[in-house]
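Reader: I would like a close look at one part of this model. Please keep the answer connected and give the cut-offs as you go.

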Amino acid sequence: MKVRDKTYDLNEPVIRIRDLHLAFGTHKVLDGFDLTLHKREDLAVLGKSGSGKSVLIKCIIGLLQPDSGSIEVLGNDVSDIEHHALDQVRARVGFLFQSNALYDSMTVRENLEFPLRRHWIQLTPEESEAMVMEALGNVGLAETVDLMPSELSGGMRKRIALARTLIPDHGPRPHHEPGDQRPHGGDIREVPHQLHHHIPRHEMRGTNLRKRGRAAQRQVPRHGDRG
Amino acid sequence: MSNIRSFATETGELSRFAARVFAETPKPGFEWRELLRQCYLVGNRSLPLVGSTAFIMGMVLTIQLRPALLSYGVESELPYIVADAIIREIGPVITGLIFAGKVGSGIGAELGSMQVTEQIDAMEVSGTNPFRYLVVTRVMATTLMLPLLVVVADAISLTGCFIGLNIRSVTSLPLFIDDIFRYLEFRDVFPPLVKTFFFGFCVGTVGCYKGYNATKGTESVGKSANEAVVVASMLIFLLDLVAVQVTDLLGLN
């Protein structure tokens, strides 16, 4: 699979992927993939459904192990790293899941507090509460703090999931395409862009819609059925 | 042939999963808070069902056994015979089966749903070992709570027995208790209690294994819950068979 990767800025790459290979059985999903994400860059990976965008993003966050190649995130090779060090890298990365992945058994507050508590960030309850409310305020859903995910609409759940990725701060923010839901307060697809201006970040998304990809500063096309 | 191979593979995978529970449990940073929450949920979730079935079993067994013992002229032995049957076999096995149906299926469906909706992946990304947070705590909770539930179920069963006994005859509570404990020995109580720890471990492990390994798709959630009950129930009977052989070999029967 050939991938175009126009380099915009050689300074401080946040994610650097070199010669990435991954196959499920005999089916090659990633075949020599290269990519560089620079600081404060907004990048979209374009490709058809099933072309391996989600697989790529899961490799970046260490949820899938590539067969070969290197993935550097904030200077750490996540394909060859101790579990504890990988957790530290993950604490600096916000990951937005396609299915939101909100914890059903927890309230919105507990969902947002979970990454704070689990990454062992030393916070007082007041600091933690302030961070939760700020993240919810950023997505315009501060009033949902004590609701359960089942009480929220699809669009609201998407926004809460986005708020959860904002909590462990200051790293790259890979995510799947945000989707079509139009919750109250505007189009969910605008939220990452609004936040991008409000909180400078480095962002990477996988999408199968060229129109949405064009909203990014840079696009990386994926060709073929997979890959 | 392929069925035998898949059965062997499944058994091997389940054994490896159980071994991983043992390997992960003693590691530092144990999830005590989640364990306590799970213990409460597991006990609380199954107590009403366990209690009501135990009461009915105790009463029915007493009413059904009475005519047979009456014909042999040993009606006075009824409390001890029912108590021995309940404490040795009926209490642990019936409670274990109800526990598998109620808790095992719940765990299978819950973890299966979490797997399908990527919540387990989200947990891993949040710096949590999902195996330790979800699996170890649930297996520990079922292992610790089933023996407690069995003790409670035995007591409720004996209450049912006392009421059943007083429907056709008259027995005072002190006499009823004396009739039971006059003959009840250590060997009647201890081995059945030990086997319930294994039953609890088996229900938790199978439920977690089926849920944790659910494939993508909502259909697999129901399948995980269903298989968790079937496999755990079967294993309870197998363990019971092994337990009776072991206690017999040790001269505790």
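How many aromatic pairs does the structure hold over all chains, and what can be said of the interface of chain A and chain B?

Author: This is a predicted model, in which local features need pLDDT of at least 70 and side-chain atom pairs count only at pLDDT 80 or more, while totals for chains, interfaces and linings use all residues. Residues are numbered from 1 along each chain as its sequence is written, chains are lettered from A and ligands numbered from 1 in the order in which they are written, and side-chain values use heavy atoms, with hydrogens and water left out.

Over all chains there are 12 aromatic pairs (rings of Phe, Tyr and Trp, the last by its six-membered ring, with centres within 6.5 Å). In chain B, ring pairs join Phe17(B), Phe131(B), Tyr209(B) and Tyr212(B) into a cluster. Arg20(B) lies over the face of Phe131(B), 3.9 Å from the ring centre (a charge sits over a ring if NZ of Lys or CZ of Arg is within 6 Å of the ring centre and within 35 degrees of the ring normal). In chain A, the charged end of Arg164(A) is placed over the ring of Tyr103(A), at 4.8 Å from its centre.

As for the interface, 21 residues from chain A and 16 residues from chain B take part in the contact (heavy atoms within 4.5 Å). The two chains bury about 1,700 Å² between them, 49% of it on carbon and sulfur atoms (accessible area, 1.4 Å probe, lost on being put together and summed over both). The rule finds 3 salt bridges across the interface (a side-chain nitrogen of Lys or Arg within 4 Å of a carboxyl oxygen of Asp or Glu). Lys58(A) and Asp121(B) meet in a salt bridge at 3.5 Å, N to O.

Terms used:
Phe/Tyr/Trp six-rings, centres within 6.5 Å; stacked < 30°, edge-to-face > 60°.
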